[in-house]
Amino acid sequence: MLKLNYYFICLISIFVLNSCTHEEDAIKEPKKSTNRAGVVLTFDDDYVDEWFNANIKLKQYNWKGTFYVTHFDKLSESQIRELTYLQQNGNEIAAHGLNHVHTTKYIKEFGGKEFIDKEIAPMLSLMKNKGLDVTDFSYPYGDRSVESDQLLFNHFKTLRGTTYGNEAPNFQNCYYQNKPLFFGLGIDNSYEHFNVPYFISLLQYAKDNNKIVVFYAHKTVAKATNNYETEFNTLEEICKFVKNNDMKFYTVNDLQKLK
């Protein structure tokens, strides 16, 4: 009888220990990313002279950006030298299509092969011949599909789409999530969601939760008077917050090296 009681107590002890172990495993939270919180500032189109001037103004923040270029065949030699300088000084030069077409519309009308042959291959060839290393692409007009993603991943390491709105920071879709397809939020003055304090709140959320915000802009100007223009003040407020809060500036190429 004593032996039976002893075995019974042992069995109960083992059960309790195992139960506690499983409960501890169940309440463990996922490991938090060890990547440093920061921002990816991206720029679309062919406003090379304006970007070059913005780089001069923002150097005091030790910033860097990713410049998605279109109409490369129409750029002057002076503008190409400016892009080369930007690349040599820590920025990234990336692709935005040769003629800035609506990707899905073009593919639907002419086919995927024609799109690559006319919009992508010649652009990459021209940029390579000028010494520009290009691995990343952003969609003109944010116009993408699963089909276009699959097609373009044969030529690029990452693709950037677009997102909009002023949802609460924890619901926004403009954070890098360690995936080759990601989305940026526009910071041009003409967007309905334009609001510098809102952009800062996204950065604060990123800092508090160890995330990386992705923004995109177009023409950089002192004072916005047209669509697709981002004021220096907006960029400076973002850069100040990043610098003052010990966050990091990333290029898109940098993201590929993260864990």
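**Close-up views of a predicted protein model**

**Figure 1. Salt bridges of the model.** The side chains of Arg-144 and Asp-149 meet in a salt bridge, with N and O 2.5 Å apart; a salt bridge is a side-chain nitrogen of Lys or Arg within 4 Å of a carboxyl oxygen of Asp or Glu. This is a predicted model, in which local features need pLDDT of at least 70 and side-chain atom pairs count only at pLDDT 80 or more, while totals for chains, interfaces and linings use all residues. Residues are numbered from 1 along each chain as its sequence is written, and side-chain values use heavy atoms, with hydrogens and water left out. Asp-149 counts as buried at 6% relative accessibility, whereas Arg-144 is partly exposed at 26%; buried means under 20% relative accessible area, exposed over 50%, and partly exposed in between (1.4 Å probe, protein chains only). The count under this rule comes to nine salt bridges.

**Figure 2. Two salt bridges between separate parts of the chain.** Lys-64 forms a salt bridge with Asp-254, the closest N and O atoms being 2.9 Å apart. The pair links distant parts of the chain, 190 residues apart: Lys-64 is in the loop between helix H2 (48-58) and strand S2, and Asp-254 is in helix H9 (residues 252-255). Helices (H or I, at least four residues) and strands (E, at least two) are DSSP runs, numbered from the N terminus. Asp-254 is buried, with a relative accessible area of 14%. In the second pair, Lys-130 forms a salt bridge with Glu-77, and the closest N and O atoms are 3.2 Å apart. Lys-130 is partly exposed at 34% relative accessible area, and Glu-77 counts as partly exposed at 45%.

Figure 3. Thr-42 belongs to strand S1 (residues 38-45) and is buried, with a relative accessible area of 1%. Its side chain makes a polar contact of 3.0 Å with the side chain of Arg-160. A polar contact is a pair of N or O atoms within 3.5 Å; within protein, one must be able to donate a hydrogen and the other to accept it, and residues adjacent in sequence count only if both atoms are side-chain atoms. The side chain of Thr-42 also reaches the backbone oxygen of Phe-215 at 2.8 Å. Leaving aside neighbours within four places in sequence, the residues in contact with Thr-42 (heavy atoms within 4.5 Å) include Thr-66, Tyr-68 and Val-252.

**Figure 4. Strands S1 and S2.** S1 and S2 run parallel and are joined by four bridges; two strands pair if DSSP finds at least two bridges between them. Phe-43 stands opposite Phe-67 in S2. Both faces of S2 (residues 66-69) are covered, with Thr-66 and Tyr-68 buried on one side and Phe-67 and Val-69 buried on the other.

**Figure 5. The buried acidic residue Glu-92.** Glu-92 lies in strand S3 (residues 92-95). Glu-92 is buried yet has no salt bridge, and the nearest side chain of opposite charge, Lys-257, is 8.5 Å away; Lys and Arg count as positive and Asp and Glu as negative, while His and the chain ends are not counted. A polar contact of 3.5 Å joins the side chains of Glu-92 and Thr-66. The side chain of Glu-92 also reaches the backbone nitrogen of Val-252 at 3.2 Å.

**Figure 6. Helix H7 and its ends.** The 14 residues of H7 (residues 196-209) should span 20 Å at 1.5 Å a residue, and the end C-alpha atoms are 20 Å apart, which agrees; the expected span is 1.5 Å times one less than the number of residues. At the N-terminal end, Asn-195 caps H7 through a side-chain oxygen that lies 2.8 Å from the backbone nitrogen of Tyr-198. The buried residues of H7, among them Phe-199, Leu-202 and Ala-206, pack against S1, strand S6 (181-186), strand S7 (212-217) and helix H8 (232-244). Just after H7, Asn-210 takes a positive phi of about 55°.
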